[in-house]
Amino acid sequence: MGLRNIIGKRLGLGLVRRRKPFSTATCDGDGNGNGNAKSINLYSAINQALHIALETDNRAFVFGEDVSFGGVFRCTTGLSDRFGKARVFNTPLCEQGIVGFGIGLAAMGNRAIAEIQFADYIYPAFDQIVNEAAKFRYRSGNQFNCGVSNKFPGLTIRAPYGAVGHGGHYHSQSPEAFFCHVPGIKVVIPRSPRQAKGLLLSCIRDPNPVVFFEPKWLYRLAVEEVPEHDYMLPLSEAEVIRQGSDITLVGWGAQLSVMEQACNEAEKDGISCELIDLKTLLPWDKETVEASVRKTGRVLISHEAPVTGGFGAEISASIVERCFLRLEAPVARVCGLDTPFPLVFEPFYMPTKNKILDAIKATVNY
Amino acid sequence: MTLAWQSVDFPGGKVSYTSEMSFISESSQTRVPCYRVLEDDGDLISDCDFQQVSKEDAVKMYSNMVTLQIMDNIFYEAQRQGRISFYLTSAGEEAISIASAAALSEQDIILPQYREPGVLLWRGFTLQEFADQCFGNKADYGKGRQMPIHYGSKKHNFFTISSPIATQLPQAAGIAYSLKMDNKKACVVSYIGDGGTSEGDFHAGLNFAAVMEAPVIFFCRNNGWAISTNVSEQFRSDGIVVKGRAYGIRSIRVDGNDALAVYSAVSAAREMAINEQRPILIEALTYRVGHHSTSDDSTKYRQLDEIVYWKKARNPVNRFRNWVQNIGWWSEQQETQLRNSVRKQLLEAIQVAEKTEKPPLSELFTDVYDHPPSNLEEQEKHLRETVTRHPKDYPSDISV
């Protein structure tokens with residue numbers, strides 16, 4: 001079990017906080033350091049995945065607003081020069097067009113990799129995602145899909161999500177809950193560079209439409225050793241990234257490093273925390289979470305998105321259904337507030353380490 | 001003549017300037033004219049510009065139009081009798097779907113709205129296949145999952161219909177781009193109604209197709225009505241054809257009730273789309289003779305005599321019949337034979353479809369994903385237990 005460190009700093013909140021080392025405690029077979037691994041950040045890892053995707057399938061396309069010059073977050077750097085403008089291209093400023101166009105491409109057996117510039121702007125494409133992509137296979141009786149063919153292509157929609165310190169209403173949203181309510185698509189959220197590369201390649205090669213949310217705050221700040229070769233990490237498999245026995249914490253994306261810090265502090269008070277990265281929110285791995293809760297008897301879920309109707313509610317309801325008699329305390333949720341994502345009030349809105357720590361203690365002492 | 005110093009450079013190119021302030025009028029003096037080849041009575045207009053149709057094609061076109069008409073009448077009645085849950089007709093628009101399909105090749109990919117079953121009919125979808133989908137039985141390619149008329153057929157390159165309006169338009173651009181990448185000598189034809197052009201996806205689809213230089217024909221059936229909403233409440237432009245230029249798309253307005261005009265325009269559009277790798281917009285003016293669907297009674301919002309006028313005096317099937325008969329390619333006898341035969345086949349198809357089993361319960365859970373995830377496996381197991389406990393709650397014609 002190797003440890004990998006990610007160090008990031010969170011700026012723009014009036015103080016500079018050093019992030020504690022973030023361990024990815026288990027290493028999947030394909031994700032560990034056989035062969036060369038270089039220390040790179042999240043956007044570079046995503047960039048590598050995209051290079052590999054286009055290299056290994058000449059019917060893969062990358063498109064969206066501003067992707068040609070490298071993208072506003074540099075995730076698509078070098079792709080246009082290397083693979084040409086026919087395969088890597090800017091689209092008009094129109095999310096419903098980007099996704100609709102992508103569905104068409106995918107339905108013809110291509111690997112369509114669409115970028116939505118910020119998850120906050122994905123909503124015009126919601127109809128195409130929910131009413132079209134998600135139902136394409138089912139409604140046609142599997143005559144059409146986005147989509148299987150002998151080359152297994154598909155539609156992947158990538159979007160940066162989450163708090164960034166100064167993003168306000170429209171550059172900070174975490175809309176994953178809306179998509180988790182849509183049978184027929186998958187929702188995947190990586191926590192780190194190495195995870196992002198392997199998960200993104202799995203998403204791109206999955207024969208179902210996938211929405212891949214990238215934690216923008218980690219684009220530059222998260223740095224990790226990432227193998228240079230082509231590897232994939234499995235979807236719908238949660239990962240226990242820290243073993244513990246007193247309480248199970250469940251999260252995804254950037255929030256995991258905040259939760260990791262809370263776990264470290266809780267440990268000083270003798271509380272042993274088990275931390276799970278869900279990775280795929282739809283379809284999600286209930287079995288891994290349930291097994292952990294059977295061990296600990298307590299569960300806490302944390303996400304940036306507003307608490308009401310957030311994905312934590314689904315996890316909570318499922319765990320209570322499955323583990324009611326084992327639970328020693330109510331399921332805790334430490335989440336964003338039920339407000340639009342505020343600018344100057346961001347530090348108050350966010351589910352911070354101390355909010356999580358307080359909830360860990362309250363749950364353990366229930 | 002514009003002198004060099006009279007033009008100025010901006011992103012997007014050179015543009016000449018003027019000191020005279022003038023607004024482009026909101027409408028032109030005259031409406032864009034409508035291309036037609038046949039008079040209302042079916043006589044060929046002399047000296048007209050059109051694509052000749054072979055006897056075989058003309059007879060097939062006419063027969064298909066008649067078949068479509070009869071199919072519509074019989075399925076409509078079947079809904080009224082409670083045998084199927086829903087139906088919508090193409091009454092008044094038979095020339096559009098049949099003639100446009102006739103001008104295409106089988107490799108061209110169709111993205112319908114929902115009032116174009118004539119295209120499928122032309123391509124060889126059988127009356128039985130139509131009936132099976134309407135009855136949602138186990139022979140339905142859609143496995144009984146969608147309402148009637150939501151046909152789809154991969155082998156006929158006809159993408160499955162979905163109810164949301166205009167969603168197919170940006171998809172058409174993506175599909176056409178794929179054909180372009182493959183250097184295929186084929187195009188996409190995507191249909192939309194007048195109402196659908198108000199949707200954002202119309203703007204998205206046309207703009208993307210133009211920018212991506214994708215070979216797609218956007219075929220707008222302007223039949224005057226979006227359920228109860230007349231075109232006067234839908235847009236303030238001169239119909240749809242004028243919108244093409246706004247996207248840099250070549251466009252034409254055609255008489256949708258003139259099968260030969262539709263055939264010619266689509267033939268020409270197809271060549272341009274494929275040879276020049278560009279989108280084309282066709283606006284076919286027509287009239288929706290039927291109600292929007294079996295859930296609608298259009299006499300509530302329009303005059304009965306308007307409907308009767310279009311049904312009788314402006315009927316595209318009669319108009320084409322006159323032309324085909326006058327040329328000597330069709331006779332009264334063939335007419336009677338055809339109508340009787342189609343009617344008989346349809347009634348049989350309905351009987352067979354009605355008796356055919358529904359798809360089994362397992363098909364509720366398949367195809368949500370390529371493989372069912374564990375939550376669906378659990379739900380299926382639980383549902384089967386429930387069905388065993390409460391069988392009376394469930395339809396007996398679906399095998400568990």
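Where is the place of B:Glu283? B:Glu283 sits in strand β9 of chain B, residues 280-285 (helices, H or I of at least four residues, and strands, E of at least two, are DSSP runs numbered from the N terminus).

## Basis

This is a predicted model, in which local features need pLDDT of at least 70, side-chain atom pairs count only at pLDDT 80 or more, and totals for chains, interfaces and linings use all residues. Residues are numbered from 1 along each chain as its sequence is written, chains are lettered from A and ligands numbered from 1 in the order in which they are written, and side-chain values use heavy atoms, with hydrogens and water left out.

## Surroundings of B:Glu283

B:Glu283 is buried, at 0% relative accessible area (buried is under 20%, exposed over 50%, partly exposed in between, with a 1.4 Å probe and protein chains only). A polar atom of the B:Glu283 side chain lies 3.1 Å from the backbone nitrogen of B:Ile240.

Beyond neighbours within four places in sequence, B:Glu283 is in contact with B:Cys220, B:Asn222, B:Gly239, B:Ile240, B:Val241, B:Ile252, B:Arg253 and B:Val254 (contact means heavy atoms within 4.5 Å).

## Cysteines

The whole structure has 0 disulfides over all chains (a disulfide is a pair of cysteine sulfur atoms within 2.5 Å). For A:Cys75, the closest cysteine sulfur belongs to A:Cys203 and is 14 Å away, too far for a bond. A:Cys75 is buried, with a relative accessible area of 3%.

B:Cys34 is likewise in no disulfide, the nearest cysteine sulfur being that of B:Cys220 at 12 Å. B:Cys34 is partly exposed, at 32% relative accessibility.

## Largest pocket

The largest pocket holds about 610 Å³ of space. On a 1 Å grid over the protein atoms alone, a pocket is an open set of points with protein on both sides within 12 Å along at least five of seven lines, a cavity is a set where a 1.4 Å probe fits but cannot get out, and lining residues have an atom within 4 Å of a point. Grid points are joined across faces, edges and corners, and a volume is the space filled by probe spheres set on the points.

The pocket is lined by 26 residues, and the closest to its centre are A:Leu282, A:Lys286, A:Glu314, B:Asn375 and B:Gln379. At least two lining residues come from each of β14 (280-282) and α11 (311-323) of chain A and α12 (374-389) of chain B; α11(A) gives the largest share, 6 residues.

## Cavities

There are 5 cavities of 30 Å³ or more. Of its 14 lining residues, A:Arg139, B:Pro112, B:Thr160, B:Gln168 and B:Gln171 are the closest to its centre.

Key:
A polar contact is a pair of N or O atoms within 3.5 Å; within protein, one must be able to donate a hydrogen and the other to accept it, and residues adjacent in sequence count only if both atoms are side-chain atoms.
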